[in-house]
Every structure is written in C-alpha cells, then in structure tokens.
Amino acid sequence: MFWFGFVSLNEEEKVQRRILLNQNALIAQLSAIGAIVAIKTFLYLVWLAKRPAGVGKEDTPEPSSPHAKFQRSRSPWSVSSWRLLVRRLEWWLSGEFVIGWGTRGQWILAGWWTVWLLYLSIRETGNDYLHMTKRLGLVGASQLPLHYLLVMKSRFSPLALIFNRSHEELNWIHQYLGRILSAMFLAHAGLYLNFFVQAGVLEKRLQDDDVLSGLMAIAVISVIGLSALGYVRMLSYRTFYWIHVILGGYLLLVLYSHVVHIQIYIIECAVISMLNVALRWTETSHLSGTVSVVGTTGLIRVEMALGPVSQGQGSSREWQPGQHVYISSKSSRWFNLVPGYLSKNPFTICNISSSDAGGGSIRQMTLIARCQKGATKQLAEKSKLSPAPIPFRVEGPYGSSHRYLEPARLRQYSSVLIVAGGVGGTYAVPMWVSMIRRSETPSRARFVWAVRSMEEAVCVFGDALTDSKGPDLYVTGERSGQAAVSEESGDYVELQEMETSLPGEAPSGGLRGVTMRRGRPSLGVVVSASFSGASNTVCVIVCGPKGMVRDVRQEVSEWVDNGYAVDFHAEFYGL
Ligand SMILES: Cc1cc2nc3c(=O)[nH]c(=O)nc-3n(C[C@H](O)[C@H](O)[C@H](O)COP(=O)(O)OP(=O)(O)OC[C@H]3O[C@@H](n4cnc5c(N)ncnc54)[C@H](O)[C@@H]3O)c2cc1C
C-alpha cells in the first residue's frame, strides 16, 4: 500500500520497532504541553494587543510626517501594526469557517493536531506497513488521557484552571479530538484487517482475544461517535449523554484488555475519570426548591434555598449570578435510579437574593428555564400538581464569566454592550447587574434585550433588575403575535420591522429606568453607538439564539476591520 509493504523483521529489529512505537506515543502525549503553551502564548499576545494605547513600550511616538500622521489618525487610537495584526487575526480565527460548522481557529487547531499526530504515526517507520499500523493505534491511545481530561466539569479541572475557561467553553476541543481519534482508531483497525486478509490469517486471528477486544472497541467508538451527532443530541440529549458516559467507561475496560502497550494510557484515563466523579460528587448539593410556571411565557422559575447568608460568606464555593449549575429533580423518573451526574441539565443562575426566614437571612438562588420537552416539561407538570418544595440535586456552580467582571479588565473598556435574546436574559441580566454595580465599569454601558413579551421581562427578571439601571427592552412578539426570537429552532427570525420606538415608556410591573421599544433592535445602530468614539477596547457580550449572535458579530466585524479592539463573548445554551 503506497510505499508501505509487509516486511519480516528479526528479533532485534522488532525490539527497535517497539522502542520507536513507545517513544512516538510518549512524544504525542507530551506535545500536548507544547500545544497548551502555544495557545497560552497566543492568548497573551491577544491580551497585550488589546491593552489601551499608552500602556507598554510598543506604542510608537507621534510621527513627524503629515502622511504618517494622517495614516495614524485613520485608526481609532494609536496602535502599532503588530497589535492590529494580532487583533484582526484573533477576530478572523473566531469567525465561522462555514456557517454552523465551527470557527476557523477550531479547524486550524484540529487540522494542525491531526497533521502532527499523523506525522508521529509515520515518521521513522520506513516502509514497514505493520509499524505504521501499530503506530496509528498507539499514538491515538496516547491522546485518550487528554480526551478524558477535557470531560472534567469541575472548576478544579487542570485545563479549566490553565485557560480560565469553563468546561462548556473547552468542550469543542473534546469534540474535535474525539473525531480525530475515532478516525485514527478506525484506520488502525482497517489496516490490521487488511493485513490479516493479505496474510491469509483472518479466520484464525478473529478468534484471538486482542483482535476481538480491538473490534469491540471499534464498535463502541462507532456507537459513541454516532450518538454524538448533532441530530441525535437534538432528538434526545439524554440518550447521547448516557451512551457517552456508560460506553466511555466500558471502552476503557475493552482497551485495557486489547494490548499491554496502551495500558499505561488507559490507567491514566481511569485515574482522571475517578477524579472527575469524585470532584463532581463533592460539588453536588442536595437542595430543596419550588417550581412555578410564569404566566403564559413558556418559562419556569426554580427557586432554591442555599442556606443562611452567613454560610455563603468567605466560602470557596460562592454562588454568583451568571454562573451555571447542573440540576436534577425528584420529579425526574431517573432521580433515584442513576448516579447524579448522569441526569442533570444545566441552567444559569439568574439571581441570588436574600430573604428573611425565622430570625435569619436565607440566601436564595433563582433559575429561569424555557420549557422544552424533557426535564423542564416534567418540572412544569410537577409544579402544576403541587406547589410544595421538591428535592433537587445541584452540581456547581461552574462558569468563568466572572473574568469579564475583573476590575482591571473593566477599567480597560471604553464601553460595554450586552445583547440578549429571550431566555438568554438568564445570563445577560446578572452580568449586567454585576457590571453596573462595579465602579470600574465605564459609564458607556448598555444592555439591549429582545423579549417576546413584557411579561417575560417583568415577571421573570424583575427581581434581578430592581435597584439597577434598566435595559433597552425590545418587545418583539406581543403585538403581531410573531416572535422574533425563536429559541426552539435556535434561529433569530427577523419577522418584524421596527414598529414603534418609545424611548422612556415605562413598562408595567415595576421595572425602573427601562427604555422600551416595540419590534426588533437594529443591531447595526446599537453596535455603532457602542463603538463610535471608543478610545479603548469595547466589551461585547451576547447571549441568545445563534442567528442573533451571528448578526451581532457581523456588525462588530466592520469595527474590528477598522482597527478597534473588542472583547467579544458569546454565551451559548447548547453543548
Ligand atoms: C451552560 C448552559 C447554561 C444554560 N442555561 C439555561 C438557562 O438559564 N435557561 C434555559 O432555559 N436554558 C438554559 N440552558 C439550556 C438548557 O440546559 C436546556 O434547554 C435544557 O437542559 C433542556 O432540558 P429538557 O430535558 O427539557 O430538553 P429536551 O426537550 O430534552 O431538549 C431540548 C434541547 O435542549 C438540549 N438539551 C437537553 N438536555 C441538555 C443538557 N443536559 N445539556 C445541554 N443541552 C441539553 C437538547 O439537545 C435539545 O436541543 C443552558 C445550557 C447550558 C449549556
């Protein structure tokens, strides 16, 4: 096959081949450290490139020539060319490769890693077909610990700590790596089967344990891969998740019995998995909470008591709005049957409030969920039957959005723009409230929120928004009965033109300082208002349907092309 052939080796050559096999697998595993350093270095460069002008030695002095002065005046503030280059590169990398198919950065990283692993799979193999075949399997196996590490949800996950990103933000690496490894293992199995056929030993080898366990592993990997397809995840997220977790564990057993050379990597995976389960267990609490359906909004509100206020102070596990938790309730059929981590749904903490109860103050956590067809529907049905509190298993809180609230970071911003669609308010409202309470937040801060109905904004989020400067509300669905934000389909449906603009109209229900308009927001105008005149980085945070995120990004692109710096964060509610 190509330049590879079946070669016969003497004992010494076989020993040499084994050494090369193990060496390259080790290099493949350790090179992940190199990749992490490279990504961290790039992120550091991005950070430097976005620092305000005037900070750092790289800023160039005022040029003397009029032409140079003119060139310089065309950019929004004085920046050296490398900074512009890095900013534009970061923006380009974070853009979608093909709509709905991941970003350019993800594809480039995945492509680079694939080429590197393939290189390690063929270097110094000469024309030895079996060497290359074994290498594909062993190099692939060396990546499994990294793959299992990326599953860890805990805030103590090493990768989450290194990158200051939550599991959900790093999950795409797990998805891409999974595809690369599946392809390598399939190639390994296919090439081996071809060898057995060519050597006329297929029937005999199909009775050997190593071959049987290898084929079983391929079957398991295929089922895991098929269940992870977007279509299956949409159809039944739970089926996908259970298959992933149960078969992911079973795969380790099968691979351990496959060949002795990969056992070290399987043991590493087992240790990581046990650590993951232990950490998730320690981060799980049993809380009691009430569920109520919010009018006709199609939303449910879950309120849970977190304990006395004094307990939360100084605790390492602080519950903050904007973080998210994974919950399962006793209304779920599976509550007592399966371990907690197998049946939980993630929701953003919309508000943490305190209420008086029996002489002390109790902290209370509020979650708002769009009612769908699974666990959320069961919760809604349960609440209609009885308003009594029900037991919940709550894991978390997780999430790293607090990085946008760091004082040093906030001080760098010229302006802040938060855009939300519908239930995306569960993330956007607490971020907004936290931001405007901080003195470091620039005065040019704006929150634009498209909701289907006033009821959605006032009844659901009213508590969280009291005492704060209100958002610019765009009510999209009440008047004509058409919704501009379709969360079920994930689309941002542009059905309505701007109807009436009523700045300052006070909505009923007690929200103060809210500007209300009917129709959908003109994102171009909104984005321009935040960027024009900005002398430093503009922070843009979007949480809504994918179409809305795309539209905001599109508008921001023009400003980035013109040299403006942006800290852009899109919060998605899908994994
Ligand atoms: C970090 C994060 C925060 C979120 N915060 C909120 C929030 O504050 N409010 C809100 O309404 N929604 C939020 N979501 C989305 C929410 O988790 C899902 O809508 C919910 O789990 C669906 O439950 P279900 O069983 O009723 O859904 P189903 O009807 O079974 O499925 C509906 C959709 O939800 C997806 N889904 C189902 N279970 C999960 C799961 N365990 N994890 C991820 N996606 C799932 C499915 O793929 C499907 O597309 C958040 C998601 C993430 C990842």
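A polar contact here is a pair of N or O atoms within 3.5 Å; within protein, one atom must be able to donate a hydrogen and the other to accept it. The model to which this is applied is predicted.

The side chains of Gln 106 and Tyr 176 make a polar contact at 3.4 Å. A polar atom of the Gln 106 side chain also lies 3.1 Å from the backbone nitrogen of Thr 103. Gln 106 itself belongs to helix H4. Its relative accessible area is 15%, and because the limit for buried is under 20%, Gln 106 counts as buried.

Helix H4 covers residues 104-122, and the loop between it and helix H5 (129-142) holds Glu 124. The phi angle of Glu 124 is positive, near 60°, and the residue is not a glycine. Most residues other than glycine have a negative phi. With a relative accessible area of 49%, Glu 124 is partly exposed; exposed would require over 50%.

A second residue of this kind is Asn 164. Its phi is about 55°, again positive in a residue that is not a glycine. Asn 164 sits in the loop between helix H7 (158-163) and helix H8 (167-199). At a relative accessible area of 31%, Asn 164 is partly exposed.

The backbone has another feature to note at Pro 397. The peptide bond that runs from Gly 396 to Pro 397 is cis, and its omega is near 5°. Most peptide bonds are trans. Pro 397 is part of strand S6, which spans residues 390-398.

The ligand comes next. Where does the ligand lie relative to domain 1 and domain 2? Domain 1 is made of residues 11-49 and 94-280, and domain 2 of residues 283-399. Both domains give residues to the shell around the ligand, so the ligand lies between them.

The ligand is surrounded by 21 residues, and the closest are Pro 346, Arg 370, Lys 373, Ala 375 and Thr 376. Sorted by class, the shell contains ten nonpolar residues, seven polar residues and four charged residues. Four elements each supply at least two residues of this shell: helix H11 (230-235), strand S4 (345-357), strand S5 (360-370) and helix H15 (375-385). Of the contributors, strand S4 gives the most, with four residues.

Several N or O atoms of the protein lie within polar-contact range of ligand oxygen atoms. For Arg 233, a backbone N or O atom is 2.9 Å from an oxygen atom of the ligand. For Ala 375, a backbone N or O atom is 2.8 Å from a ligand oxygen atom. For Thr 426, an N or O atom of the side chain is involved, at 2.9 Å from an oxygen atom of the ligand. The ligand taken alone exposes 870 Å², and the protein buries 89% of that area.

How many disulfides does the model have? The test is a pair of cysteine sulfur atoms within 2.5 Å, and the count comes to zero. Are Cys 350 and Cys 543 buried or exposed? Cys 350 has a relative accessibility of 2%, so it counts as buried. Cys 543 also has a relative accessibility of 2% and therefore counts as buried.

Note on methods
Residues numbered from 1 in each chain as written. Predicted model: local features only at pLDDT ≥ 70, side-chain atom pairs only at ≥ 80, totals over all residues. Heavy atoms only, no water. Near = heavy atom within 4 Å. Areas by Shrake-Rupley, 256 points an atom, 1.4 Å probe, with all protein chains shown as cover. Nonpolar A, V, L, I, M, F, W, Y, C, P; charged D, E, K, R; others polar. Domains from an automatic or database assignment. Buried < 20%, exposed > 50% of the residue type's maximum accessible area, 1.4 Å probe, protein only.
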